[in-house]
Amino acid sequence: RRCYSTAAKGGPSIAGVSDIIAVASGKGGVGKSTTAVNIAVALAKKFQLKVGLLDADIYGPSIPTMMNLHAKPEVSEDMKMIPAKNHGVQCMSIGFLVDKDAPIVWRGPMVMSALEKMTKGVAWGNLDILVVDMPPGTGDAQLSISQRLRLSGALIVSTPQDIALIDARRGANMFRKVQVPILGLVENMSCFRCPRCGEKSYIFGEGGAQRTAEEMDMKLVGEIPLEIDIRTGSDEGKPIVISSPDSASAQAYIQVAEKV
Ligand code: ADP
């Protein structure tokens with residue numbers, strides 16, 4: 001894997017954590033969390049790295065479901081929350097702390113203080129890499145996370161659809177503004193292969209991510225198909241990299257993880 005130089009950025013922003021990378025999307029619902037989960041698990045299982053996963057999607061935390069973790073975190077002697085572990089990855093999510101059906105109606109400063117607690121108030125231990133599932137969009141929270149956490153890089157997720165790609169460009173530009181290197185663009189739901197006849201359908205369009213990547217001077221680092229097993233894996237808390245590691249989709253995620 002790539003070697004980052006957190007030292008050049010003033011050292012790690014969380015003690016013991018070598019690198020922090022963001023998985024981001026301009027638009028919601030494009031598969032950002034699914035990608036973050038599968039990449040984190042691939043980094044831990046395939047590359048034997050010590051990996052953490054932070055669910056920074058405060059208003060719509062998905063990590064508890066996708067990683068099948070639901071208990072409230074224990075607290076260490078020095079009053080830090082102990083991350084919950086599954087599939088080899090240590091996880092923290094606001095979803096562990098609030099009731100599942102309760103609306104999260106916090107304003108900006110509360111979001112920021114929650115994020116502060118979920119990063120620096122967590123007993124992460126020594127991690128090679130912390131993967132951050134970012135909130136969608138390019139607002140205040142995203143900017144603060146990028147700057148405060150001194151991100152080593154950001155992976156942008158988009159579907160091939162124009163409305164998603166427009167927002168992905170915004171996301172990429174935001175990271176560039178704050179000098180966070182873009183690790184690449186992941187095209188999610190790139191095509192659907194009919195399980196009966198094998199015909200491919202490009203439901204959200206074809207070639208859009210490749211074009212956007214070229215225009216924005218980013219690398220297209222992966223093309224993940226639209227597939228039932230990816231969705232069921234997420235819903236059942238067993239990411240496809242675990243439930244079906246030899247499948248083409250799992251291999252596609254592993255290839256992205258390799259480039260991180
Ligand atoms: P986001 O984090 O961008 O809001 P999610 O990762 O939560 O998006 O994905 C949105 C929905 O789409 C989820 O139900 C997820 O299971 C599903 N999904 C994501 N990627 C795929 C895919 N490649 N194939 C099938 N379903 C997917």
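1. How far does α1 reach from its first C-alpha to its last, and what span is expected at 1.5 Å a residue? In this predicted model, the 14 residues of α1 reach 20 Å, close to the 20 Å expected.

2. Helix α1, residues 32-45, supplies at least two residues of the shell around the ligand, as does α7, residues 228-235.

3. The ligand shell can be described by residue and by class. Around the ligand there are 17 residues, among which Gly31, Lys32, Ser33, Thr34 and Arg231 come nearest. The shell has nine polar residues, five nonpolar residues and three charged residues.

4. Strand β7 spans residues 182-188, and six of its seven residues are buried, leaving the strand mostly covered. Strand β7 is paired with β6, residues 153-158, in a parallel arrangement joined by five bridges. Within this pairing, Ser158 has Glu187 of β7 as its bridge partner.

5. Strand β7 also pairs with β10, residues 220-224; this arrangement is likewise parallel and comprises four bridges. Here Val186 has Gly222 of β10 as its bridge partner.

6. Together with helix α5, which covers residues 162-177, the strands β6 and β7 make a β-α-β unit of right-handed sense.

Conventions: Residues numbered from 1 in each chain as written. Predicted model: local features only at pLDDT ≥ 70, side-chain atom pairs only at ≥ 80, totals over all residues. Buried ≥ 20, exposed ≤ 12 C-beta atoms within 10 Å, placed from the backbone. Pairing = 2+ DSSP bridges. Right-handed = clockwise from strand over helix to strand, strands pointing away. Near = placed C-beta within 6 Å. Nonpolar A, V, L, I, M, F, W, Y, C, P; charged D, E, K, R; others polar. Expected span 1.5 Å × (residues − 1).
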